[in-house]
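Work through the exercises below with the model open. Try each task before reading its solution.

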Amino acid sequence: MTSAATVPGRAADPATPLPYLVRHRLRETDDTVTLELVPLDEALPRFRPGQFSMLYAFGVGEIPVSVSGIAPDDALAHTIRAVGKVSEALCRLRPGEVVGVCGPFGNDWALGVGPSEDDDRVTALGTDPGEDLVVLGGGLGLSPLRPVVRLALSRPGAYGRLTVLVGARSPRELVHRADLTQWCALGDVRVTVDHPEAGWSGPVGQVTDQLRHAVFRPERTTAFVCGPEPMMRASAEALMRRGVPPERIRLSLERNMRCATAWCGHCQLGRVLVCRDGPVFTWRQAADLLAVHEL
């Protein structure tokens, strides 16, 4: 891995990554880590919840990764699962090593309707003040939702009831455990797994099953969903059965992104390019696309 002393500064090309230092590394599961990154010199423009970076493992390659944390000091968190050469190289990074970061890319969970200066008629998440929030995360899909929950908890007066529903295949695959513990003390948080293990005392089953028990005002609720596509389809359908309008259901579609600039076409989903037009869409926008399996 390239050392801090040999990483060049930013060139004129905006696609050139800026060097960021790994300040902290947390192992989430056997194959997943969260890296907290701070700018070595110049910082990128501030990210918004839902956007993503291009992370460069120098000498190996680059991949798109959503931000799982945004700190006031320009630190960024990314949660990465080792599934290929680049992600494996990123997961091996240790504190003090350097990674290249480009961004921010994509739209955000507010869908571009966040508040302007001194505008208190809309929240930072693009909802009406006092509106209830339902957050559904499946597996690693909880990571792009983590900034949503943190933002909502940091401004309790801006939002109504917060419900967080999290699912994983097994307890050992749960990520952001410390956050879940903290959130449980602050609000309605339900965690379920498909395959329980010894010592598990929580619910077993699909994360959407927990929606039946959640308390919220459907007509005054915005839902944020991220996870495997079957889980997102089931979540959207369950939310609509509870009365949440499709335009109030937001999903992050992150499959097959490669270049982040709409050049390569790998993330084409029907009529959209996810990196250019998303990754966040409303269910009204995405329903017909996700109705076709493996489109």
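**Exercise 1: surroundings of a threonine**

Task: list the residues that Thr192 touches, leaving out those up to four places away in sequence.

Solution. Contact means heavy atoms within 4.5 Å. By that test, Thr192 touches Val166, Gly167, Ala168, Trp200, Pro203, Val204, Gly205, Gln206, Val207 and Gln210. The model is predicted: local features need pLDDT of at least 70, side-chain atom pairs count only at pLDDT 80 or more, and totals for chains, interfaces and linings use all residues. Residues are numbered from 1 along each chain as its sequence is written, and side-chain values use heavy atoms, with hydrogens and water left out.

Thr192 belongs to strand 9 (residues 188-193). Helices (H or I, at least four residues) and strands (E, at least two) are DSSP runs, numbered from the N terminus.

Then check burial. Thr192 counts as buried because its relative accessibility is 1%; the cut-offs are under 20% relative accessible area for buried, over 50% for exposed, and partly exposed in between (1.4 Å probe, protein chains only).

Last, look at the side chain. A polar atom of the Thr192 side chain lies 3.1 Å from the backbone oxygen of Gly205.

**Exercise 2: strand 3 and its partners**

Task: which strands pair with strand 3, and why is strand 3 largely enclosed?

Solution. Strands pair if DSSP finds at least two bridges between them. Strand 3 (residues 52-57) pairs antiparallel with strand 4 (residues 61-70) over six bridges. Phe52 has Ser66 as its bridge partner; Met54 has Pro64. Three residues separate the strands of this hairpin, and Gly59 takes a positive phi near 85°.

On to strand 6 (residues 98-105). Four bridges join it to strand 3, again antiparallel. Here Tyr56 is bridged to Gly100.

Now step back. Six strands close into an antiparallel barrel, in the order 1-2-5-4-3-6. Neighbouring strands of this sheet are turned by 45° against each other on average, direction ignored.

Finish with burial. Six of the six residues of strand 3 are buried, so the strand is largely enclosed by the rest of the structure. Phe52, Met54 and Tyr56 are buried on one side, and Ser53, Leu55 and Ala57 on the other.

Technical notes:
Polar contact = N/O pair within 3.5 Å; in protein donor to acceptor, adjacent residues only side chain to side chain. Axes fitted to C-alpha atoms, helices over the stretch in contact; angles between N-to-C directions.
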